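Welcome! Take a look at the model, try each task yourself, and then read on.

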Amino acid sequence: MKEKIIIDLKFLQQRTCYHRLKRIFDVFVSSLALLVLWPVFLVIGILIKLEDGGQVIFSQERVGKNGQVFKMYKFRSMHMDAETRLATLLAQNEVEGPMFKMKNDPRVTRIGRFLRKTSLDEFPQLINVCLGQMSLVGPRPPLVREVAQYTPYDKQRLLVTPGCTGWWQVTARNHTGFTGMVKRDLEYIQKANLWLDLKIICLTVKVVLVPNGAY
């Protein structure tokens with residue numbers, strides 16, 4: 001990284017109007033989406049159950065704003081023993097840094113590959129948004145084990161509420177490593193406004209309708 005981005009904490013604290021409007025928007029949109037999309041959730045749940053009979057919703061501890069740990073919800077896209085099998089796959093990690101990513105991860109189920117490609121596995125996080133643990137737009141919440149390897153610079157990602165989607169996901173999701181992700185997240189935190197949030201949401205809808213090879 002040629003030039004490091006340092007977030008101005010005082011600037012963040014002064015943006016109360018933006019944060020209030022963002023929260024109102026989050027609650028309205030996530031509540032409406034949960035109401036409208038429940039039939040889609042039902043179909044996805046049935047497909048997951050039919051494949052292997054395991055649980056439909058997967059919850060995992062993630063790190064949110066200011067290091068607060070919370071349970072993030074997703075439709076299960078991996079086999080039930082995925083966490084225990086991770087240790088045998090670490091050597092095949094395809095990105096540098098604390099983040100683990102593997103294109104042909106053998107732990108992913110058949111329906112899970114479709115859910116990930118279309119980002120439908122992320123939809124239960126609308127519940128986290130309603131609870132105030134996440135926002136519709138923001139840096140993705142990292143795993144506890146990932147944060148344990150963060151530098152003070154990387155931890156700037158945790159200065160704001162994490163999001164269901166973000167600048168990194170819609171610009172370079174599978175084309176950059178951990179360093180690039182941090183850079184894009186910090187760029188977002190510096191420039192965040194309602195118009196940028198709306199742009200990211202629109203780009204996310206496009207990714208869902210026209211999958212971009214996410215995995």
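**Exercise 1.** Find the element that holds W38 and decide whether W38 is buried or exposed.

*Solution.* Step 1: W38 sits in helix α2; helices (H or I, at least four residues) and strands (E, at least two) are DSSP runs, numbered from the N terminus. Step 2: with a relative accessible area of 53%, W38 is exposed. Here buried means under 20% relative accessible area, exposed over 50%, and partly exposed in between (1.4 Å probe, protein chains only). Step 3: W38 also belongs to a nonpolar surface patch of about 630 Å², together with L42, V43, I46, L47 and L50. Patches are made of residues with over 30% relative accessible area and no salt bridge, where like charges are joined within 9 Å and nonpolar side chains (Val, Leu, Ile, Met, Phe, Trp, Tyr) within 5 Å. Accessible areas come from the Shrake-Rupley method with a 1.4 Å probe, and for residues only the protein chains shown count as cover.

A word on the model: it is predicted, so local features need pLDDT of at least 70 and side-chain atom pairs count only at pLDDT 80 or more, while totals for chains, interfaces and linings use all residues. Residues are numbered from 1 along each chain as its sequence is written, and side-chain values use heavy atoms, with hydrogens and water left out.

**Exercise 2.** Which residue forms a salt bridge with R76, and which parts does the pair tie together?

*Solution.* Step 1: the partner of R76 is D52, with the closest N and O atoms 2.6 Å apart. A salt bridge is a side-chain nitrogen of Lys or Arg within 4 Å of a carboxyl oxygen of Asp or Glu. Step 2: R76 lies in the loop between β2 (69-75) and α3 (82-85) and D52 in helix α2 (residues 16-52), so the pair ties together parts that are 24 residues apart in sequence. Step 3: R76 is buried at 4% relative accessible area, whereas D52 is partly exposed at 35%.

**Exercise 3.** How many salt bridges does the structure hold, and which residues are linked with K74 in a network?

*Solution.* Step 1: there are eleven salt bridges. Step 2: one of them joins K74 to E122, with the closest N and O atoms 3.8 Å apart. This pair links distant parts of the chain, with K74 in strand β2 and E122 in the loop between α4 (110-118) and α5 (125-130), 48 residues apart. Step 3: both K74 and E122 are buried. Step 4: the network of salt bridges links K74, D121, E122 and R140.

**Exercise 4.** Where is D154, and which residues does D154 touch?

*Solution.* Step 1: D154 is found in the loop between α6 and β4. Step 2: its relative accessible area of 10% makes D154 buried. Step 3: leaving aside residues up to four places away in sequence, D154 touches F178 and V182, where contact means heavy atoms within 4.5 Å. Step 4: 9.8 Å separates the C-alpha atoms of D154 and D185, which are 31 residues apart along the chain.

**Exercise 5.** Find the strand that holds T165 and list the contacts of T165.

*Solution.* Step 1: T165 is in strand β4. Step 2: T165 is buried, with a relative accessible area of 9%. Step 3: not counting residues up to four places away in sequence, T165 touches L136, V137, G138, V170, I200 and T204.
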